[in-house]
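Take a walk through this protein, one stop at a time. Keep the structure open as you read.

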Amino acid sequence: MTRRALVIGCGGTIGGAWTVAALAALAERSGWDPREATILQGTSAGAELVTMLAGGFGVGDLVDMQAGRSQHEVLRRHLADTPPSIPPLPLPLPIDPTSVWRRRGGHTRVTGLAPRGRADASWLQRLADAVAGPDGWLPHPGARLVAYDPRRGERVAFGAPHAPAATAGEALRASWAVPAWMPPVSIDDRLFVDGGAASTASVDLVPGDVDEVYVIAPMASTPGTRGPGLGGLAEHIALRNPMSTILFDEIAAVQARGVTVVAITPGARDLRGLGWNFMSRARRAEAFEAARRTAPATVGKALAEAGV
């Protein structure tokens, strides 16, 4: 039997909406239910979606949620709890100034200098509590939620062997703890922030015994691909370009093990429909409808390029 991993990267409110559209297109074209993956790994907004999938909700449920027609109280409330587009003023206290000496790329060097966020993360805790099993973790045995420890310069996939013990709520809040937006989360006497600070998807943390890895990464794109206008240029320089560089380096390392990787990232048409502010609550519904139109072609191209 083919052992598959589904890896979903960070992306905020808008990236999460695009990812749901991409998941729907992937399920339709492949006939594969992502809940059947051996490994379900998510980072930040990806961890949010993995929490839902690992908790038993299907792709159709996530589509209904984004379309505003869900019959599940958990999903209806979660959508209503989408955080505002602008965070509250953060506390003037850096997370860990020593992070400037970290050698890893991405945004790790500045992560520790970011002030501590003050936004309310209880909406994430409620989601995790609603789907977690009696042991406090997610029912899917391969569920993993990635966060970053700036003090050690280390990414941790909670749920993986040898990772610190954590409840699903703790791990989800840690994975979503965007610096200067959401507060860091203390687990096992360590302080964790958004895993996207170090890698948009941490593909290289997937174990080597899988045959295929499906990566959906809304905050990365192939070289030269960016959103329109000055907003798209700024987003590309500050976020998309460094995240893309790390993602494709990780994919190359996984492919070197002999693993097939299907990399699904937004193309130019996708980005035109998403806009540059990936935390824009006001544009979520509009972005989702645009993604439903563009994601099928993007997913089809990724499957064809991977030969699956």
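**From the inside to the surface**

Thr43 is buried: its relative accessible area is 0%. This model is predicted, and Thr43 sits in its strand S2, residues 39-43. What does Thr43 touch, leaving out residues up to four places away in sequence? Its contacts are Ile8, Gly9, Cys10, Val146, Ser175, Asp194, Gly195, Gly196, Ser199, Thr200 and Ala201.

Ser175 is among the buried residues of helix H7, along with Ala168, Gly169, Ala171, Leu172 and Ala174. Helix H7 covers residues 168-175, and six of its eight residues are buried, so the rest of the structure largely encloses it.

Now turn to charge. Side chains of opposite charge can pair when their charged atoms come close. The count here comes to 14 salt bridges. One of them joins Arg4 and Glu212, with the closest N and O atoms 2.9 Å apart. This pair links distant parts of the chain: Arg4 is in strand S1 (residues 4-8), Glu212 is in strand S9 (residues 212-216), and 208 residues separate them. Glu212 counts as buried, at 15%, because the cut-off for buried is under 20%.

Another pair is Arg190 and Asp149, whose closest N and O atoms are 2.8 Å apart. Arg190 lies in strand S8 (residues 190-194) and Asp149 in strand S5 (residues 143-149), so the bridge ties together parts 41 residues apart in sequence. Arg190 is buried, at 8% relative accessibility. Asp149 is buried too, at 1%. Through shared partners, salt bridges join Asp149, Arg152, Glu154 and Arg190 into one network.

Arg76 and Glu73 meet in a salt bridge of 2.6 Å, N to O. They are three residues apart in helix H4 (residues 73-80), which means about one helical turn separates them. Arg76 is partly exposed, at 39%.

The largest pocket has a volume of about 650 Å³. It is lined by 25 residues, and Val178, Met219, Leu239, Met243 and Met279 lie nearest its centre. Which helix supplies the largest share of the lining? Helix H8 does, with five residues.

Helix H8 spans residues 229-255 and also holds Ile237. Ile237 counts as exposed, at 57% relative accessibility. Together with Leu230 and Leu233, Ile237 forms a nonpolar patch on the surface, with about 330 Å² of accessible area in all.

Methods
Residues numbered from 1 in each chain as written. Predicted model: local features only at pLDDT ≥ 70, side-chain atom pairs only at ≥ 80, totals over all residues. Heavy atoms only, no water. Patch = residues over 30% accessible without salt bridge, like charges linked within 9 Å, V, L, I, M, F, W, Y side chains within 5 Å. Areas by Shrake-Rupley, 256 points an atom, 1.4 Å probe, with all protein chains shown as cover. Salt bridge = Lys/Arg side-chain N within 4 Å of Asp/Glu carboxyl O. Helix = DSSP H or I, 4+ residues; strand = E, 2+ residues; numbered from the N terminus. Buried < 20%, exposed > 50% of the residue type's maximum accessible area, 1.4 Å probe, protein only. Contact = heavy atoms within 4.5 Å. 1 Å grid on protein atoms, 1.4 Å probe; cavity = no way out; pocket = protein on both sides within 12 Å on 5 of 7 lines; lining within 4 Å. Points joined across faces, edges and corners; volume = space filled by probe spheres on them.
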